[in-house]
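Biologist: Before we discuss any assignment in this model, I would like each term to be set against the criterion behind it. Could we go through them one at a time?

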Amino acid sequence: MSTGAAETDSQAEKAASTSGVTVSSLENTLKEKLGAQHVGIEDMSGGCGQAFNATIVSQQFEKKNTLARHRLVNSALKTEIAAIHAWTPRCFTPDEWDKKQNEAGA
């Protein structure tokens with residue numbers, strides 16, 4: 001019984017090559033288009049490149065609410081998002097990210 005998820009590494013590689021979306025391609029695009037200082041991408045699809053969680057830190061998020069931040073990210077990744085199934089961004093300014101990191105370390 002197939003769940004639709006890749007069951008082997010070769011299936012995962014084939015699926016990722018089909019969508020053309022990889023962790024590194026997402027990271028590179030976000031750094032280039034948003035000047036992101038930190039990008040953490042997690043492939044939640046078991047390697048098939050269809051579902052990603054992202055943590056993005058960019059000065060461009062300053063004075064923008066969550067919806068405006070997500071719109072900015074989605075605009076930067078319009079082509080990539082069209083090729084994948086699920087995309088969950090978490091967007092922070094550098095100050096917010098530093099505060100979050102300090103709280104996590106405390």
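Biologist: Where is the place of Leu 67?

Modeller: This is a predicted model, and in it Leu 67 has its place in helix α3. Between Leu 67 and Cys 91 the C-alpha to C-alpha distance is 9.9 Å, with 24 residues separating them in sequence.

Biologist: What makes Leu 67 count as partly exposed?

Modeller: Its relative accessibility is 48%, and since partly exposed covers what lies between under 20% for buried and over 50% for exposed, Leu 67 is therefore placed in the partly exposed class.

Biologist: Why is the pair of Arg 69 and Glu 96 called a salt bridge?

Modeller: The closest N and O atoms of Arg 69 and Glu 96 are 2.8 Å apart, and because the criterion asks for a side-chain nitrogen of Lys or Arg within 4 Å of a carboxyl oxygen of Asp or Glu, the pair qualifies as a salt bridge. The structure holds one salt bridge, and this pair links distant parts of the chain, with Arg 69 in helix α3 (residues 66–76) and Glu 96 in helix α5 (residues 94–105), 27 residues apart.

Biologist: How do you know whether Arg 69 and Glu 96 are buried or partly exposed?

Modeller: Arg 69 has a relative accessible area of 9%, and because buried means under 20%, Arg 69 is buried. Glu 96, with a relative accessible area of 33%, falls between the cut-offs of 20% and 50%, so Glu 96 is partly exposed.

Biologist: Why is α2 called roughly perpendicular to α3?

Modeller: Helix α2 (residues 23–34) and α3 pack at an angle of about 115°, with their axes 10 Å apart. Because angles of 65 to 115 degrees count as roughly perpendicular, α2 is described that way relative to α3. The crossing in which α2 passes α3 is right-handed.

Biologist: Which residues meet where α2 contacts α3?

Modeller: From α2 come Thr 29, Leu 30, Lys 33 and Leu 34, which meet Leu 72, Val 73 and Ala 76 in α3. The residues of this contact divide into five nonpolar, one polar and one charged.

Biologist: What makes the phi of Lys 63 worth a remark?

Modeller: Lys 63 has a positive phi of about 65° although it is not a glycine. Most residues other than glycine have a negative phi. Lys 63 has its place in the loop between β2 (51–57) and α3, and because exposed means over 50%, its relative accessibility of 81% makes Lys 63 count as exposed.

Definitions and conventions. Residues are numbered from 1 along each chain as its sequence is written. This is a predicted model: local features need pLDDT of at least 70, side-chain atom pairs count only at pLDDT 80 or more; totals for chains, interfaces and linings use all residues. Side-chain values use heavy atoms; hydrogens and water are left out. Helices (H or I, at least four residues) and strands (E, at least two) are DSSP runs, numbered from the N terminus. Buried means under 20% relative accessible area, exposed over 50%, partly exposed in between (1.4 Å probe, protein chains only). Axes are lines fitted to C-alpha atoms, for helices over the stretch in contact, and angles run from 0 to 180 degrees between N-to-C directions. Angles under 35 degrees count as roughly parallel, over 145 as roughly antiparallel, 65 to 115 as roughly perpendicular and the rest as oblique. A crossing is left-handed if the near helix is turned anticlockwise from the far one by less than a right angle, and right-handed if clockwise. Contact means heavy atoms within 4.5 Å. Ala, Val, Leu, Ile, Met, Phe, Trp, Tyr, Cys and Pro count as nonpolar, Asp, Glu, Lys and Arg as charged, and the others, Gly among them, as polar.
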